[in-house]
Amino acid sequence: MEYFIQQLINGLTLGGMYALIALGYTMVYGVIQLINFAHGEFFAAGGYVGAIALAYFAGIGYMDSHPVICLTASFMIAMAYCAYLAVGVEKIAYKPLRKNSRLAALLSALGMSIFLSNGMMLTQGVYDKVYPGELFQGRFDFGMVTISYLQIMIVSLTACLLVGLNLLVFKTKIGMAMRATAQDKTMSALVAIGSNRIISLTFAIGAGLAAAAGIMYGLYYGSVKYDMGFVPGIKAFAAAVLGGIGNITGAMIGGLIIGMVEIFGAGYISGEYKDVFAFIILISVLYFKPNGIMGENIDDTRV
């Protein structure tokens with residue numbers, strides 16, 4: 001039982017990161033019906049910017065005296081950078097193809113993914129960039145169950161971001177505009193909702209959440225690499241499809257399920273196949289319920 005609880009905690013931690021990435025996929029699809037395969041690179045870019053920012057703060061001596069402020073600033077810088085990067089990608093790679101076939105936009109997304117990944121390789125090198133190891137070193141021990149301060153921070157921050165996104169989408173005028181644009185761009189334009197602005201905002205929010213997940217990933221595993229966005233990005237896409245592509249709640253649930261399945265599969269079966277378990281579950285669910293667990297949203301609640 002203690003081992004089960006420990007794996008449950010680990011699964012929540014990893015699943016929360018997948019959920020944050022999956023939200024970007026599902027939000028973009030909900031608004032413009034595009035699978036943004038470059039989204040994993042925003043996750044990797046956020047991890048890199050966070051590592052650079054933390055290294056800078058450590059170099060000037062702020063990490064020792066103000067670690068919480070430095071970490072908060074790193075999150076804000078990385079999320080802002082990736083938000084602007086995503087808006088630029090949308091303007092350059094997707095907006096000109098918006099009226100073309102979905103295949104053209106899909107190919108553009110794949111090309112942009114390769115472009116961004118190689119850009120990080122050329123600018124940051126092929127070697128891992130290490131995160132500061134002195135952050136969140138403490139832990140709580142409950143018998144054989146261990147909960148680190150870092151896990152508490154990741155789960156708490158993830159929960160805050162998920163709740164904040166839900167409040168933004170369903171309780172604000174911006175969220176109402178996003179849902180209106182997702183439902184009918186022509187009619188939303190007639191009531192003075194700028195679809196281009198809303199689409200750019202959707203890309204920015206999704207990329208910001210992915211950047212936050214990138215920093216969490218770097219803190220949790222100790223380093224980041226230029227190509228680290230591919231596998232988590234594919235798993236997050238699987239989580240979005242599993243929950244119901246276009247459904248925010250489904251993306252959250254799907255991310256948690258993928259994280260749980262990966263951790264429990266690695267713990268009870270074999271760690272060598274941890275990347276396989278998530279897709280076995282995905283294929284099984286889609287075979288019996290093609291629209292995902294929550295179903296694809298096609299009404300006015302879709303984002």
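Tutor: A nonpolar core is a set of buried Ala, Val, Leu, Ile, Met, Phe, Trp, Tyr and Cys residues joined through side-chain atoms within 4.5 Å. Keep in mind that this model is predicted.

Student: Which residues touch the most other members of the largest nonpolar core?

Tutor: L23, Y94, L165, F203 and L219 do, in a core of 84 residues.

Student: What is L165 in contact with, leaving aside its neighbours within four places in sequence?

Tutor: L23, M27, I205, L209 and I248. L165 also belongs to the contact between α6 and α9.

Student: How do α6 and α9 pack?

Tutor: Helix α6 covers residues 149-171 and helix α9 covers residues 195-221. Their axes are 11 Å apart, at an angle of about 175°.

Student: Why are α6 and α9 called roughly antiparallel?

Tutor: Angles over 145 degrees count as roughly antiparallel. The angle here is about 175°. The two helices are therefore roughly antiparallel to each other.

Student: Which residues make the contact?

Tutor: From α6 come L150, Q151, M153, I154, L157, T158, L161, L165 and L168. From α9 come I205, L209, A212, M216, L219 and Y220.

Student: What is the make-up of the contact of α6 with α9 by class?

Tutor: It has 13 nonpolar residues, two polar and no charged ones.

Student: How do you know that the span of helix α1 agrees with its number of residues?

Tutor: Helix α1 runs over residues 2-32, which is 31 residues. The expected span is 1.5 Å times one less than the number of residues. That should give 45 Å, and the end C-alpha atoms are 45 Å apart, so the two agree.

Student: What makes α1 largely enclosed by the rest of the structure?

Tutor: Of its 31 residues, 25 are buried, so the rest of the structure largely encloses α1.

Student: Why does T26 count as buried?

Tutor: T26 is in helix α1. Buried means under 20% relative accessible area. T26 is at 0%, so T26 counts as buried.

Student: How far apart are T26 and C70?

Tutor: They are 44 residues apart in sequence and 31 Å apart in space, C-alpha to C-alpha.

Student: Is Q33 buried or exposed?

Tutor: The cut-off for buried is under 20%. Q33 has a relative accessible area of 19%, so Q33 is buried.

Student: Why is M76 called exposed?

Tutor: M76 lies in helix α4, residues 67-94. Exposed means over 50%. M76 has a relative accessible area of 56%, so M76 is exposed. Its C-alpha atom is 8.8 Å from that of G208, 132 residues apart along the chain.

Student: What does A86 touch, not counting residues up to four places away in sequence?

Tutor: A86, also in helix α4, touches F42, F203, A204 and A207. At 0% relative accessibility, A86 counts as buried.

Student: And what is A109 in contact with, leaving aside its neighbours within four places in sequence?

Tutor: I35, N36, F37, A38 and Y94. A109 is found in helix α5, residues 102-124. The C-alpha atoms of A109 and A38 are separated by 5.6 Å, though 71 residues apart along the chain. A109 has a relative accessible area of 0%, so A109 is buried.

Technical notes:
Residues are numbered from 1 along each chain as its sequence is written. This is a predicted model: local features need pLDDT of at least 70, side-chain atom pairs count only at pLDDT 80 or more; totals for chains, interfaces and linings use all residues. Side-chain values use heavy atoms; hydrogens and water are left out. Axes are lines fitted to C-alpha atoms, for helices over the stretch in contact, and angles run from 0 to 180 degrees between N-to-C directions. Helices (H or I, at least four residues) and strands (E, at least two) are DSSP runs, numbered from the N terminus. Angles under 35 degrees count as roughly parallel, over 145 as roughly antiparallel, 65 to 115 as roughly perpendicular and the rest as oblique. Contact means heavy atoms within 4.5 Å. Ala, Val, Leu, Ile, Met, Phe, Trp, Tyr, Cys and Pro count as nonpolar, Asp, Glu, Lys and Arg as charged, and the others, Gly among them, as polar. Buried means under 20% relative accessible area, exposed over 50%, partly exposed in between (1.4 Å probe, protein chains only).
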